Amino acid sequence: MTKSAGFSCLSCVFDYETSKTLVIPSKGIGCVFRFAQLLVLLYVVGYVCVMQKAYQERDPVISSVTTKVKGFAYTNTSYMEPRFWDVADYVIPPQGENSFFVLTNVIMTPKQIQSRCPELPSPSTSCVDDCDCFEGHNDPRGSGIQTGLCVNYSATVQTCEVLSWCPLEQDTMVPEPALLNAAADFTVLIKNSITYPKFKVNRRNILPHINSSYLKKCEFNPSTDPDCPIFRLKNIASEAGEDFQDMAVKGGILGIFIDWSCDLDWGAHRCFPKYSFRRLDNKNPVNNVAPGYNFRFAKYYQTPDGQESRTLIKAYGIRFDIIVFGTGGKFGIVPTIINLGAALTILALIPAVCDWILLTCMSKRDLYKKNKVTHLNEADSEPVSMGTTYGTQ
């Protein structure tokens, strides 16, 4: 490298570049420039500010929920003795965490005691003699622990004897229609309290204008009474696109969604819950294996002679899951500055894109290159054009 070349490279390090305005009377590039600016402004104003409200600080909602179900039913069928049902009978358990279960159908096996009885017939439990049964064998899909004996289940069928709660439950025939189809007219009061801790805002779904007399006669309707916190169960199923009587036979899971997405710039008094409903368990008409929702529990008694007895209950019903979500938004200087800076950065990129189009795609690009950048020589009175040098406008 020669001494003059090294001096030239060193002098370039200390050159100062400043913007130069070059006005080009071109409708094509002018339209591209203004159209790009318009798109950016529409994006920033319409999407970022109006739709996303990116100028706001966000705070997720913290929620607590309690429920109270009301209603009565009476059953008188061949499946069981006549019976009156109240809330203590069909709401299991009495208090759930953000959910409640309503019993709609039931299979009862009364007067069970711990004894020995023939297993229910199946390919794995049928036998010819004692050699087909194994003492102590415990099949999780069975009903008890085998004693090693083959006994008569009926006049024509023999099965292995088991130690279990006898008589054994037979749940192959589910009552249809559901025993407690009257549950469709039960109502539930949902009390939901929420807070946005960052903004110190507290709200509840029982709004300030709601009083005791209003609660005694109101019922939620999305069109006529969207503020009432009392819901009729069949209406919840209907809003979710389901038929309550069909669900009541084998049970299911319904979701009650409470949306607390609020713009707190308008004040906390304009923050209201929005309700929506959806079925949550899988309902597939093609692959309808193990449908619905059920579980077992027992009620225990003691006979006069001191022997323990129980009534086994296989409960079918609908579980209602209450899902509360949402965020509160309020103007914040930090997100405003961040998004304003992002918008200005995008706007600053538009001239660079237009310069690239101007210097590479336009028919007069050589002329534009010639006048785009000039090098000022302070020793001369005229600047020197640098035709092949690219600079930023």
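**Exercises on the disulfides of a predicted model**

The structure is a predicted model, in which local features need pLDDT of at least 70, side-chain atom pairs count only at pLDDT 80 or more, and totals for chains, interfaces and linings use all residues. Residues are numbered from 1 along each chain as its sequence is written, and side-chain values use heavy atoms, with hydrogens and water left out.

**Exercise 1.** Determine which residue is joined to Cys262 by a disulfide, and state the handedness of the link.

*Solution.* Apply the criterion for a disulfide: a pair of cysteine sulfur atoms within 2.5 Å. The partner of Cys262 is Cys271, with an S to S distance of 2.0 Å. Next, take the torsion about the S-S bond of Cys262 and Cys271; it is about 75 degrees, so this disulfide is right-handed. Finally, consider accessibility: Cys271 is buried, at a relative accessible area of 0%.

**Exercise 2.** Describe the disulfide of Cys117 and Cys166.

*Solution.* Begin with the distance: the sulfur atoms of Cys117 and Cys166 are 2.0 Å apart. The torsion about their S-S bond is about -70 degrees, and the disulfide is therefore left-handed. The pair links distant parts of the chain, 49 residues apart: Cys117 belongs to strand β5 (residues 99-118) and Cys166 to strand β7 (residues 158-166). Strands here are DSSP runs (E, at least two residues), numbered from the N terminus. Both Cys117 and Cys166 are buried.

**Exercise 3.** Which parts are tied together by the pair Cys127 and Cys150?

*Solution.* First confirm the bond: a disulfide joins Cys127 to Cys150, with S to S 1.9 Å. Then locate the residues: Cys127 lies in the loop between β5 and β6 (145-152), whereas Cys150 lies in strand β6, so the pair ties together parts 23 residues apart in sequence. The angle about the S-S bond of Cys127 and Cys150 is 90 degrees, a right-handed link. Cys127 and Cys150 are both buried.

**Exercise 4.** How many disulfides are there, and what pattern do they follow?

*Solution.* By the distance rule, the count comes to 5 disulfides. With bonded cysteines counted along the protein chain, the pattern is 1-6, 2-4, 3-5, 7-8, 9-10.

**Exercise 5.** Classify Cys31 and Cys49 by accessibility.

*Solution.* Cys49, at 30% relative accessibility, counts as partly exposed.

Technical notes. Helix = DSSP H or I, 4+ residues; strand = E, 2+ residues; numbered from the N terminus. Buried < 20%, exposed > 50% of the residue type's maximum accessible area, 1.4 Å probe, protein only.
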